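Hello,

Here is the structure I promised to pass on. My notes follow below it.

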Amino acid sequence: MSDGAQRGTNTLTVNQVAALCGRSTQWVHQLAKAGFVQKQGKNEYALVAVIRGVIAYYEDLQSKNSKVAAASRATEARTREIELRIQERMRDLIPLEDARAVVSEMAALVRAEFQGLPARVTRDMQDRRKLEQEIDGAFDRLSRRAEEAARSLETGRPDLEAEREA
């Protein structure tokens with residue numbers, strides 16, 4: 001086989017490269033200008049160079065897209081962190097410890113008020129004990145439910161039992 005015949009089977013015109021890649025001739029020229037594909041002659045490209053160049057182009061594109069996606073995720077995380085700090089400063093968001101402290105303080109005040117109730121209502125010791133038992137039972141139930149709610153807040157998952165009762 002002559003050198004010209006060999007060259008003809010291993011070289012492609014710009015139109016052939018464009019058709020092979022499913023792109024325009026302008027895209028092929030841009031690929032060459034960007035250094036992904038070397039021209040072999042005027043508007044001629046070596047087949048192997050075209051294949052390697054197109055692969056390199058898409059690998060480069062994929063790498064850039066991966067970097068952009070990673071940068072975007074990092075930016076979103078920073079944005080979310082800033083939003084949370086703003087919400088905390090505006091008191092739209094408070095630390096869990098602060099919420100627990102307020103709830104505990106209010107619960108202690110309510111318990112103190114209710115513990116004095118039997119003595120204020122009656123002087124009859126039997127009635128007073130009965131009221132105290134009812135109040136203690138109510139606070140035991142409330143305490144268990146408060147512990148369940150606290151666990152739910154800590155894990156970030158809703159209390160399934162409360163959902164079933166609703």
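Ile82, Ile86 and Met90 make up a nonpolar surface patch, and their accessible area together is about 290 Å². Patches take residues with over 30% relative accessible area and no salt bridge; like charges are joined within 9 Å, nonpolar side chains (Val, Leu, Ile, Met, Phe, Trp, Tyr) within 5 Å. A salt bridge is a side-chain nitrogen of Lys or Arg within 4 Å of a carboxyl oxygen of Asp or Glu. Areas are Shrake-Rupley values with a 1.4 Å probe, and for residues only the protein chains shown count as cover.

Met90 sits in the loop between α4 (47-89) and α5 (96-115). Its relative accessibility is 56%, so Met90 counts as exposed. The classes are buried (under 20% relative accessible area), exposed (over 50%) and partly exposed (in between), with a 1.4 Å probe and protein chains only.

Before you go further: this is a predicted model, where local features need pLDDT of at least 70, side-chain atom pairs count only at pLDDT 80 or more, and totals for chains, interfaces and linings use all residues. Residues are numbered from 1 along each chain as its sequence is written, and side-chain values use heavy atoms, with hydrogens and water left out.

On confidence, pLDDT is the predictor's own score for each residue, from 0 to 100. The chain mean is 84, and 89% of residues reach 70 or more. A contact means heavy atoms within 4.5 Å.

Now the overall layout. The chain has eight helices and three strands, in the order α-β-α-α-β-β-α-α-α-α-α. These are DSSP runs numbered from the N terminus: helices are H or I with at least four residues, strands E with at least two. Of the 166 residues, 13% are buried. The accessible surface is about 13,100 Å², with 54% of it on carbon and sulfur atoms.

Two loop residues are worth a look. Thr122 lies between α6 (117-121) and α7 (125-155). Thr122 is buried, at 16% relative accessible area. Leaving aside neighbours within four places in sequence, Thr122 contacts Asp127, Arg128 and Leu131. A polar atom of its side chain lies 3.0 Å from the backbone nitrogen of Asp124.

Asn43 is in the loop between β2 (39-41) and β3 (44-46). Asn43 has a positive phi of about 55°, although it is not a glycine. Asn43 is partly exposed, at 29%.

Best wishes

How values were computed. A polar contact is a pair of N or O atoms within 3.5 Å; within protein, one must be able to donate a hydrogen and the other to accept it, and residues adjacent in sequence count only if both atoms are side-chain atoms.
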